[in-house]
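Colleague: I am new to this structure. Could you walk me through how to read it?

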Amino acid sequence: MKTPLASVLILIAIIPPMGVGAAPISRTSVLEGNWTVQLRLNDKDPSYTKPMVIRIGADNAVTGEFYETLIEGGHYSKRGKRECVAFQTSDNSGPYQHSACLKGKAVVGASWSTGRKFLLLWTAERDR
């Protein structure tokens with residue numbers, strides 16, 4: 001009859017260590033996907049929309065596009081039910097800093113243009 005220690009050693013030998021050959025942890029975010037961003041300055045202004053594509057990597061890096069410009073240096077964070085992203089884009093006027101959080105089925109965000117010196121509040125709806 002084998003001793004308990006021998007049984008444990010056999011299990012250790014036949015079960016691979018965690019992380020070696022193990023499947024990656026599956027994490028999905030509702031923020032991932034294609035969105036239409038409403039960029040009007042005032043609620044009474046005519047609709048002005050642009051696309052946003054959010055991709056979130058296993059390392060929480062955010063990539064994609066915002067206002068037809070590639071997302072640079074983005075990051076995703078979640079605490080409890082709150083999910084948010086922050087990232088940068090740029091154009092000839094300089095960098096834009098963006099942050100956005102999921103609120104119900106919509107995304108609520110803000111974009112700060114350091115070159116043009118304005119802060120734009122915006123919302124986005126998922127593309128259908």
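Modeller: We can begin with one side chain. Glu-68 is exposed, with a relative accessible area of 52%. Keep in mind that this is a predicted model.

Colleague: Why does Glu-68 count as exposed?
Modeller: Exposed means over 50% relative accessible area. Glu-68 has 52%, so it counts as exposed.

Colleague: Which residue forms a salt bridge with Glu-68?
Modeller: The general idea comes before the case. Side chains of opposite charge can pair when their charged atoms come close. Here, the partner is Lys-50, and the closest N and O atoms are 3.4 Å apart. Lys-50 sits in strand E2 (residues 49–56), while Glu-68 is in the loop between E3 and strand E4 (69–70), so the bridge ties together parts that are 18 residues apart in sequence. Lys-50 counts as buried, at 18% relative accessibility.

Colleague: How many salt bridges are there?
Modeller: The count comes to two. Arg-116 and Asp-91 form a salt bridge, with their closest N and O atoms 3.6 Å apart. Arg-116 lies in the loop between strand E8 (106–113) and E9, and Asp-91 lies in strand E6 (residues 82–91), so this pair ties together parts 25 residues apart in sequence. At 35% relative accessibility, Asp-91 is partly exposed.

Colleague: What is the overall pattern of the chain?
Modeller: Read along the sequence, it goes α-β-β-β-β-β-β-β-β-β. That is one helix and nine strands. Of the 128 residues, 28% count as buried.

Colleague: Now the rings. How many aromatic pairs does a search of the whole structure find?
Modeller: It finds four. Among them is the pair of Phe-66 and Trp-122, with ring centres 5.2 Å apart and planes at 45°, so this pair is tilted. Phe-66 is in strand E3 (residues 61–66) and Trp-122 is in strand E9, so the pair links distant parts of the chain, 56 residues apart. Both Phe-66 and Trp-122 are buried.

Colleague: What is the geometry of the pair of Tyr-96 and Phe-118?
Modeller: A pair of aromatic rings is described by the distance of the centres and the angle of the planes. For Tyr-96 and Phe-118, the values are 6.4 Å centre to centre and 70° between the planes, and the pair is edge-to-face. Tyr-96 is in strand E7 and Phe-118 in strand E9, 22 residues apart. Tyr-96 counts as buried, at 10% relative accessibility. Phe-118 is partly exposed, with 30%.

Colleague: Which residues form one aromatic cluster with Phe-66?
Modeller: Phe-87 and Trp-122.

Colleague: Let us turn to His-98. Is it buried or exposed?
Modeller: His-98 counts as buried, at 5% relative accessibility. It lies in strand E7 (residues 94–103).

Colleague: Which side chains make polar contacts with His-98?
Modeller: The side chain of Thr-89 makes one, at 2.7 Å. The side chain of Ser-111 makes another, at 2.5 Å. Leaving aside neighbours within four places in sequence, the residues in contact with His-98 include Phe-66, Phe-87 and Ala-110.

Colleague: And the outside? Which residues form a nonpolar patch on the surface?
Modeller: Trp-112, Leu-119 and Leu-121 do, with about 360 Å² of accessible area together. Leu-119 belongs to strand E9 (residues 118–126). At 57% relative accessibility, Leu-119 counts as exposed. The accessible surface of the chain comes to about 9200 Å², and 59% of it belongs to carbon and sulfur atoms.

Terms used. Residues numbered from 1 in each chain as written. Predicted model: local features only at pLDDT ≥ 70, side-chain atom pairs only at ≥ 80, totals over all residues. Heavy atoms only, no water. Helix = DSSP H or I, 4+ residues; strand = E, 2+ residues; numbered from the N terminus. Buried < 20%, exposed > 50% of the residue type's maximum accessible area, 1.4 Å probe, protein only. Areas by Shrake-Rupley, 256 points an atom, 1.4 Å probe, with all protein chains shown as cover. Patch = residues over 30% accessible without salt bridge, like charges linked within 9 Å, V, L, I, M, F, W, Y side chains within 5 Å. Salt bridge = Lys/Arg side-chain N within 4 Å of Asp/Glu carboxyl O. Polar contact = N/O pair within 3.5 Å; in protein donor to acceptor, adjacent residues only side chain to side chain. Contact = heavy atoms within 4.5 Å. Phe/Tyr/Trp six-rings, centres within 6.5 Å; stacked < 30°, edge-to-face > 60°.
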